[in-house]
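Look over the sequence and the model first.

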Amino acid sequence: MGLFSFFKKKKKKETEEVDNIQEEIRQETAEVTQGTAEASRETGEVSRTAEEQQPEKTTEQVQQSESEGSHAVGEKPQPDDAVRRAEEEKNRVEEERKRAEEQKRQAEEERRLAEEERRQAEEERKGLEKSLKKTKEGVFGRLARAIVGKSKVDDEVLDKLEEALILSDVGPNTTIQIIERIEKRVAADKYMNTSELNRILKEEVASMLAENKGSDSGYFEAPENGDPYVIMVVGVNGVGKTTTIGKLANMFKKQGYKVMLGAADTFRAAAIDQLKIWSDRAGVDIVAQSMGSDPASVAYDTVSSAKANHADVVIIDTAGRLHNKVNLMNELTKIKKVMQKIVPSAPQEILLVIDASTGQNAIEQTKQFTEATDVNALAVTKLDGTAKGGVVLGISNEFNIPVKYIGVGEKIDDLQIFDKEQFVDSLFDF
């Protein structure tokens, strides 16, 4: 065998050995790859099992993770005190808004009440002017005729003025005082034009009324000890006494008071029935007995019931008799004494009702009743139907008793609190 054949066989043998070695390598590589794949499958199964067994993260954990993630990128959480201050500021702004709305509501309510008071005052003024129309025409119609052609206020003009005032039932004593006041003004000014007479007359009448003692206000405060405020109403039959009581009850109820009436005029059956009708109209309670009962007993029961039921105002009607002043005084005194067993200060007010249309007779009635009992307030009725409204000036001035109420019509609201200034303005307004 030559060298060529020897090397050829050797080369072939070496090639076969290399191929065998490569095949073994390939087999080993395949075995390793298969083992790796199986290991990967086992790892995946283990991972899935672990995930299935692991509980889900809570919302709080998620928020914590997010917060930690934010920290990781450099974002700082908001401090607790900053959050608190922001919440406090929000609450403060809300409170201020609520206060502003409440103030607006209160202002609107006050405006509404003020408008209602203004409207009511305007209605009362118009009602008063209407009720005084006849008196105004009587006084100033005569006065206008008296000064026709006159350029100054002289004795003749003053005589005509005096006549006009007396015919309007101002009364002789009050008329003399008014004339004397005007004479002083004329003497001081030396010369006074007749066109100024109305203004001077108005000023002097207003000044005279202002000097009258007491208040002309119909408002009052109930006693602090819880006792009711007791009003005993007196006056002759026919002056509008029962009607005035009903209107008073309505007025006081509108002011927010709890009112109770006592029908102590037991000598006239119609008086009890009429007062019951007015109590129904006003929507207030009434205490009444049969005709002929003791008036003092009715008054006692009324005040006793009023105190037990926490009434604020008690209005006691009394018999309208003036035929015998001694009997009248005794009866009124008895009524007062029995009421004082319940309320020691009763009656706090004795209200005399007089009819303006009776003129000078109203002044005489006032004189008789003030001598029989302690009258401390007056109510003048029927001003709307008479030209004798000047009697208000005369009574107020002569007896120095405050006129508290004036009747200007038939309706339940046609009773006004007497306002001196408004009365003078309405009487002298042209």
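## A salt bridge to start

Which side chain meets E204 in a salt bridge of 2.7 Å, N to O? The side chain of R185 does. A salt bridge here is a side-chain nitrogen of Lys or Arg within 4 Å of a carboxyl oxygen of Asp or Glu. Side chains of opposite charge can pair when their charged atoms come close.

The model is predicted: local features need pLDDT of at least 70, side-chain atom pairs count only at pLDDT 80 or more, and totals for chains, interfaces and linings use all residues. Residues are numbered from 1 along each chain as its sequence is written, and side-chain values use heavy atoms, with hydrogens and water left out.

## The whole chain

The chain has 14 helices and 8 strands. Helices (H or I, at least four residues) and strands (E, at least two) are DSSP runs, numbered from the N terminus.

The chain has 430 residues, and 38% of them count as buried. Buried means under 20% relative accessible area, exposed means over 50%, and partly exposed lies in between (1.4 Å probe, protein chains only). Residues 24 or more positions apart account for 77% of them. Contact means heavy atoms within 4.5 Å.

## E204 and its partners

R185 sits in helix α6, and E204 sits in helix α7. They are 19 residues apart, so this pair links distant parts of the chain. R185 counts as partly exposed because its relative accessibility is 23%. E204 counts as buried because its relative accessibility is 9%.

E204 also forms a salt bridge with R181, where the closest N and O atoms are 3.5 Å apart. This pair links distant parts of the chain too: R181 is in α6 (residues 172–189), E204 is in α7 (residues 197–210), and 23 residues separate them. Both R181 and E204 are buried. The network of salt bridges links R181, R185, E196, R199, E203, E204 and E211.

## How α6 meets α7

Two packed helices are described by the angle between their axes and the distance between the axes. The axes of α6 and α7 come within 10 Å and cross at roughly 125°. That makes α6 oblique to α7. Axes are lines fitted to C-alpha atoms, for helices over the stretch in contact, and angles run from 0 to 180 degrees between N-to-C directions. Angles under 35 degrees count as roughly parallel, over 145 as roughly antiparallel, 65 to 115 as roughly perpendicular, and the rest as oblique.

Which residues of α6 meet α7? They are T174, Q177, I178, R181, I182 and R185. Their partners in α7 include L197, I200, E204 and M208. The residues of this contact divide into 7 nonpolar, 3 polar and 5 charged. Ala, Val, Leu, Ile, Met, Phe, Trp, Tyr, Cys and Pro count as nonpolar, Asp, Glu, Lys and Arg as charged, and the others, Gly among them, as polar.

## How α12 meets α13

Now turn to another pair. The axes of α12 (residues 360–372) and α13 (residues 391–399) come within 10 Å and cross at roughly 30°. That makes α12 roughly parallel to α13.

On the α12 side, A362, I363, T366, K367 and T370 make the contact. On the α13 side, V391, I395, E398 and F399 do. These residues divide into 5 nonpolar, 2 polar and 2 charged. Is α13 mostly covered or uncovered? It is mostly covered, with 8 of its 9 residues buried. Among the buried ones are V392, L393 and G394. Just after α13, N400 takes a positive phi of about 55°.

R119 is partly exposed, at 33% relative accessible area. E116 is partly exposed as well, at 35%.

## A buried loop residue

V236 is found in the loop between β1 (229–234) and α8 (241–254). V236 counts as buried because its relative accessibility is 13%. V236 and T318 are 82 residues apart in sequence, and their C-alpha atoms are 9.4 Å apart in space.
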